[in-house]
Amino acid sequence: MTYKNILLEKKDGIGTIKINRPKVLNALNKDTIIEITNAMIELENDKKINAVILTGEGDKAFIAGADISQMSKMTPLEAKEFAERGHNMLNTIEKSRLPVIAAVNGYALGGGCETLMACDICIAAKSAKLGQPEINLGISPGFGGTQRLPRLVGRMKAKELLLTGRNIDAEEAHCIGLVNMVVDDDKLMETAEKIAGKIASKSSVQTNFIKALVNKGADIDLNTANSLEISYFSSSFSTHDQKEGMKAFLEKKKPEFKGK
Ligand code: COA
């Protein structure tokens with residue numbers, strides 16, 4: 001597949017999607033949203049890929065939000081279709097078998113902040129700025145910001161950020177649990193690749209199970225979620241990787257997982 005608004009690289013079991021519209025700080029227009037969705041599906045279907053890094057081109061922005069010049073001309077119906085495309089992109093990331101690491105290299109505002117919240121692990125460069133400034137444009141978030149943000153940082157903190165439209169720096173984002181870690185700007189990709197590489201070396205059956213259990217469990221009651229865990233746990237015992245992992249441990253060797 002060819003892409004115009006993103007760069008897609010595949011190396012050592014890791015797929016890297018780089019949003020490539022630096023002149024507009026990697027703002028998400030309709031075509032870019034479609035391309036990120038398609039790239040995720042392409043990586044999902046590539047059995048050699050076991051982890052994904054999502055980042056932005058240039059040193060200024062991860063994603064500075066949905067494309068305001070495109071949105072400024074939308075009718076309510078077009079805005080609905082646009083929001084549905086955004087939700088579909090983020091659901092594709094969230095439901096993917098692949099762990100997705102957001103490497104936040106600058107502004108992650110509006111749709112940018114909403115995108116990193118759908119990822120599994122988020123690493124921010126020290127200079128990153130995050131926030132949901134939609135209120136300053138006379139709109140509310142359309143790609144899940146009012147829903148994923150309170151689930152991640154709590155309702156009060158989420159409401160403060162959503163209602164004031166205030167941007168926060170990487171350290172504050174780390175303090176409130178919006179990002180996993182903050183690293184020096186020049187160490188961002190190295191750190192993301194190291195974590196992605198570590199994850200890609202595990203059993204891909206289990207990285208898929210763990211991601212699915214945590215995400216599904218967040219939306220259902222504890223008893224049902226725990227039953228789901230029991231069923232995934234027991235079905236692990238029909239896999240090569242369970243036999244290999246336990247045998248390797250007992251023989252004091254490094255396991256060779258096959259993802260089956
Ligand atoms: N949509 C469309 N274009 C955007 C954009 C967005 N979300 N964010 C930035 N751009 C464009 C700017 O219009 C500008 O284009 P120009 O060079 O043709 O004028 C270019 O990217 C550079 O942005 P600029 O504002 O000049 O950079 P800055 O360093 O002064 O400010 C920001 C950076 C991120 C603070 C500022 O661009 C901004 O507030 N962007 C909008 C953020 C937002 O509200 N996002 C949520 C949208 S729902």
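The following legends describe close-up views of a predicted model. Residues are numbered from 1 along each chain as its sequence is written, and side-chain values use heavy atoms, with hydrogens and water left out. Because the model is predicted, local features need pLDDT of at least 70 and side-chain atom pairs count only at pLDDT 80 or more, whereas totals for chains, interfaces and linings use all residues.

**View 1. A salt bridge joins Lys10 and Asp46.** A salt bridge is defined here as a side-chain nitrogen of Lys or Arg within 4 Å of a carboxyl oxygen of Asp or Glu, and the count by this rule is 14. In the pair shown, the N to O distance is 3.3 Å. Lys10 belongs to strand E1 (residues 6-11), while Asp46 lies in the loop between H1 and strand E3 (51-56), 36 residues apart. Helices (H or I, at least four residues) and strands (E, at least two) are DSSP runs, numbered from the N terminus. Lys10 is partly exposed at 40% relative accessibility, whereas Asp46 is buried at 17%. Buried denotes under 20% relative accessible area, exposed over 50%, and partly exposed the range in between (1.4 Å probe, protein chains only).

**View 2. Lys157, Glu160, Arg166 and Glu172 form one network of salt bridges that share partners.** The side chains of Glu172 and Lys157 meet at 3.8 Å, N to O. Glu172 is in helix H7 (residues 170-175) and Lys157 in helix H6 (residues 155-164), so this pair ties together parts that are 15 residues apart in sequence. Glu160 and Arg166 form a salt bridge at 2.8 Å, N to O.

**View 3. Six acidic residues gather in a surface patch of negative charge.** The members are Glu9, Asp59, Asp185, Asp186, Glu190 and Glu193. Patches are made of residues with over 30% relative accessible area and no salt bridge; like charges are joined within 9 Å, and nonpolar side chains (Val, Leu, Ile, Met, Phe, Trp, Tyr) within 5 Å. Asp185 is located in the loop between strand E10 (181-183) and helix H8 (188-200), and its relative accessible area of 42% makes this residue partly exposed.

**View 4. Ile68, Leu137 and Ile139 make a nonpolar surface patch.** The patch covers about 260 Å², with accessible areas computed by the Shrake-Rupley method with a 1.4 Å probe; for residues, only the protein chains shown count as cover. Leu137 sits in the loop between strand E8 (129-131) and helix H5 (145-153) and is partly exposed at 48% relative accessibility.

**View 5. Cysteine sulfurs are shown where no disulfide is formed.** A disulfide is a pair of cysteine sulfur atoms within 2.5 Å, and the count by this rule is zero. The cysteine sulfur closest to that of Cys119 is in Cys122, at 7.1 Å, too far for a bond. For Cys175, the closest cysteine sulfur is also in Cys122, at 14 Å, which is again too far. Cys119 is buried at 10% relative accessibility, whereas Cys175 is exposed at 68%.

**View 6. Leu25 and Asn26 have positive phi values.** Phi is near 55° for Leu25 and about 60° for Asn26, neither of which is a glycine. Leu25 is partly exposed, with a relative accessible area of 23%, whereas Asn26 is buried at 1%.

How values were computed: Lys and Arg count as positive and Asp and Glu as negative; His and the chain ends are not counted. The place of a charge is taken as NZ of Lys, CZ of Arg, CG of Asp or CD of Glu.
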